[in-house]
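User: Please take me through some side-chain packing and surface features of the structure shown below.

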Amino acid sequence: VVPQDDASSSLLLELQILVANNEGVALVVEGDSVGALGSFRKATQLLKSRLSNDRKGVQHLPWLLIPTYFNLSLILLRDGHLEESARSWLLARKYLPCWEKAIRGNSEALKKLRDIHTVAINRHVILMAKRRMERESAVWDQENIMEWVPPSFESADANEEQSSLVGGVDAAQVIALDVILLRYAISFAEKKAAASFRRSAGSIGY
């Protein structure tokens with residue numbers, strides 16, 4: 001049984017995140033990218049605050065984390081802030097620790113990222129093929145900032161190839177963002193690791 005105060009606090013948090021997210025959507029429509037970015041940041045900061053203060057907040061991840069970080073990461077990507085976009089999205093997708101290890105030169109972590117990227121590509125291909133089979137045309141707007149209303153229920157372990165939604169967001173868009181930002185993350189880690197190796201090699205014997 002969830003205490004009444006905790007339930008009220010959770011409901012208020014969910015409402016605050018929803019309002020901040022949809023305020024960002026409205027600002028995008030109005031052409032105010034700076035304002036929208038601020039609203040999307042506010043939504044993610046509210047969620048981070050809950051998670052850092054109360055580990056029970058983890059129970060909200062399937063339907064709070066993906067929607068709030070999706071819009072933030074997408075607008076950062078659109079505006080050219082690739083590293084911040086990747087860091088934000090990989091945090092939401094729970095790949096950030098792996099990326100940070102890969103950046104530090106961990107070859108196993110880099111291999112794992114590559115494997116995750118390959119899986120994401122395959123998932124997207126399978127999902128889009130399935131949708132094309134189900135209807136004559138499936139169109140995905142790559143820059144469709146989504147207004148989010150929490151789903152009534154969704155399994156946290158839903159298979160992304162079979163589900164039409166991931167955390168209340170269109171699965172095709174979630175997985176496509178995985179593909180784009182994992183590709184960037186891998187390239188970034190490879191360059192960082194190579195630069196670190198050259199520095200180390202240059203200092204040997206000199």
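**Aromatic packing and a pocket**

Analyst: In this predicted model, Tyr 184 and Phe 188 lie four residues apart in helix α7 (residues 171-203), so about one helical turn separates them.

User: How are the planes of the rings of Tyr 184 and Phe 188 arranged: stacked, edge-to-face or tilted?

Analyst: A pair of aromatic rings is described by the distance of the centres and the angle of the planes. For Tyr 184 and Phe 188, the ring centres are 5.8 Å apart and the planes meet at 40°. Planes under 30 degrees apart would count as stacked and those over 60 as edge-to-face, so the pair of Tyr 184 and Phe 188 is tilted.

User: Is Phe 188 buried or exposed?

Analyst: Tyr 184 has 21% relative accessibility and therefore counts as partly exposed. The limit for buried is under 20%. Phe 188 has a relative accessibility of 14%, so Phe 188 counts as buried.

User: Which elements give two or more residues to the lining of the second largest pocket?

Analyst: The second largest pocket holds about 150 Å³ of space. Its lining includes Arg 41, Tyr 69 and Glu 84. The elements giving two or more residues to this lining are α2 (33-53), α3 (61-78) and α4 (82-92).

User: How many residues of the lining of the second largest pocket are charged?

Analyst: Among the lining residues are Lys 48 and Arg 87. The lining divides into four nonpolar and three polar residues, and the charged ones number four.

Terms used: Residues numbered from 1 in each chain as written. Predicted model: local features only at pLDDT ≥ 70, side-chain atom pairs only at ≥ 80, totals over all residues. Heavy atoms only, no water. 1 Å grid on protein atoms, 1.4 Å probe; cavity = no way out; pocket = protein on both sides within 12 Å on 5 of 7 lines; lining within 4 Å. Points joined across faces, edges and corners; volume = space filled by probe spheres on them. Nonpolar A, V, L, I, M, F, W, Y, C, P; charged D, E, K, R; others polar. Phe/Tyr/Trp six-rings, centres within 6.5 Å; stacked < 30°, edge-to-face > 60°. Buried < 20%, exposed > 50% of the residue type's maximum accessible area, 1.4 Å probe, protein only.
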